[in-house]
Amino acid sequence: MSLHLSTVILPYRRWNEGGRTTWTRAEQLGFRTAYTYDHLSWRSFRDGPWFGAVPTLTAAAGVTERLRLGTLVTSPNFRHPVTLAKELISLDDISGGRVTLGIGAGGSGFDATALGQDPWTPRERADRFAEFVPLLDRLLSEDAVSYEGDFYSAHEARNIPGCVQRPRLPFAVAATGPRGMRLAARHGQAWVTTGDPKLYENGTPEQSIQALRGQAEKLADTCAEVGRDMTGLDRVLLTGFTPDRTGPLQSLDAFVDFAGRHAELGFTELVIHWPIPDSPFAADEKVFEQIAMEAPAQLR
């Protein structure tokens with residue numbers, strides 16, 4: 001099985017001051033997909049420029065032809081399934097069916113309180129996620145949807161003509177817990193993880209591999225429980241959050257070694273952050289481009 005290589009482009013640049021050229025360059029370099037974060041602001045970037053995911057992806061769709069586009073990840077923190085579905089159907093149409101929705105339960109960061117609410121507890125995030133994903137699935141697959149839930153409602157919500165991709169655009173569900181993994185198994189075309197966050201500061205690469213192996217095994221068990229064939233479920237690692245951090249981007253050989261070890265765990269797609277100077281994602285852009293152009297051939 002081939003290991004695909006994708007990138008994530010943070011939306012911190014004005015479109016005419018480097019934003020546009022980054023997305024077009026991603027296509028030229030041959031990445032499978034270019035994702036962006038779907039946050040209102042994020043960590044150390046909070047006090048600087050930060051643009052919306054859907055408008056950014058819409059603009060990227062207009063300057064690319066083959067590159068798949070996606071969020072990594074959208075969450076219920078500030079989204080509602082009804083309005084999100086309308087935006088996604090429009091984006092899928094504009095891009096000619098090149099959109100993947102990365103979706104997760106959200107967190108306790110800036111997005112959690114930007115609308116004036118108190119942060120949800122982990123249990124409430126899981127409860128909302130369990131309602132959000134199936135409703136969004138229906139909204140993207142059916143012409144008209146009515147629904148009354150504990151957290152979300154839809155009243156004769158119309159989504160005609162639906163997605164270009166049928167029956168709907170693919171979901172890449174980010175999950176490490178049992179409830180999220182069930183959503184990935186039932187509704188996902190891909191499963192996404194960043195590894196074990198407890199290992200980021202003081203763990204070792206070997207411990208990270210073991211943690212990821214455990215997550216992959218739990219996913220396989222969950223798929224078996226719900227009767228899902230694992231062969232149709234991609235497994236995606238968003239890199240940069242394991243103890244290796246940006247180490248794999250130091251050289252082509254380092255990346256190929258890193259990628260090979262994770263391919264052995266069953267991962268089918270690795271996502272690397274586009275380099276950002278003076279940030280946790282700082283890396284040599286020439287090495288990054290060499291990895292993009294040469295690594296895929298070594299990972300087949």
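Where does glutamine 28 sit? Glutamine 28 belongs to helix 1, which covers residues 15–28. That helix is one piece of a predicted model whose chain comes to eight helices and ten strands. With a radius of gyration of 18 Å, close to the 19 Å the globule rule gives for 300 residues, the chain is as compact as a globular protein of that length. Here's a quick tour, from the overall chain down to a couple of single residues.

**The chain overall**
- Taken along the principal axes, the C-alpha atoms fill a box of roughly 55 × 45 × 35 Å.
- Of the 300 residues in the chain, 52% are buried.
- Take the contacts with a separation of 6 or more: 74% of them link residues 24 or more positions apart.

- Alanine 292 is 264 residues away along the chain, yet its C-alpha atom is separated from that of glutamine 28 by 9.8 Å.

**Helix 1 against helix 2**
- Helix 2 takes in residues 53–63, and helix 1 packs on it at an angle of about 60°, with the axes 9 Å apart.
- That angle makes helix 1 oblique to helix 2.

**Helix 7 against helix 8**
- Helix 7 (residues 252–263) and helix 8 (residues 285–298) pack at an angle of about 45°, and their axes lie 9 Å apart.
- Helix 7 is therefore oblique to helix 8.
- The crossing of helix 7 and helix 8 is right-handed.
- Helix 7 brings Leu252, Phe255 and Val256 to the contact, while helix 8 brings Val287, Gln290, Ile291, Glu294, Ala295 and Gln298.
- By class, the contact of helix 7 with helix 8 holds six nonpolar, two polar and one charged residues.

**Helix 5 and what covers it**
- Which residues of helix 5 are buried? In this helix (residues 178–187), they are Gly180, Met181, Leu183, Ala184, Ala185 and His187.
- The cover over those buried residues includes two helices, helix 4 (122–141) and helix 6 (205–226).
- Strand 7 (171–174) and strand 8 are also among the elements covering the buried residues of helix 5.

**Alanine 190, in strand 8**
- Strand 8 spans residues 190–193, and alanine 190 is part of it.
- Is alanine 190 buried or exposed? Alanine 190 has 10% relative accessibility, so it counts as buried, the limit being under 20%.
- Setting aside neighbours within four places in sequence, alanine 190 is in contact with Phe171, Ala172 and Val173, as well as Leu233, Asp234 and Val236.
- The C-alpha atom of serine 41, 149 residues from alanine 190 along the chain, is separated from that of alanine 190 by 25 Å.

Note on methods:
Residues are numbered from 1 along each chain as its sequence is written. This is a predicted model: local features need pLDDT of at least 70, side-chain atom pairs count only at pLDDT 80 or more; totals for chains, interfaces and linings use all residues. Side-chain values use heavy atoms; hydrogens and water are left out. Axes are lines fitted to C-alpha atoms, for helices over the stretch in contact, and angles run from 0 to 180 degrees between N-to-C directions. Helices (H or I, at least four residues) and strands (E, at least two) are DSSP runs, numbered from the N terminus. Angles under 35 degrees count as roughly parallel, over 145 as roughly antiparallel, 65 to 115 as roughly perpendicular and the rest as oblique. A crossing is left-handed if the near helix is turned anticlockwise from the far one by less than a right angle, and right-handed if clockwise. Contact means heavy atoms within 4.5 Å. Ala, Val, Leu, Ile, Met, Phe, Trp, Tyr, Cys and Pro count as nonpolar, Asp, Glu, Lys and Arg as charged, and the others, Gly among them, as polar. Buried means under 20% relative accessible area, exposed over 50%, partly exposed in between (1.4 Å probe, protein chains only). The radius of gyration is taken over C-alpha atoms; the globule rule is 2.2 Å times the number of residues to the power 0.38.
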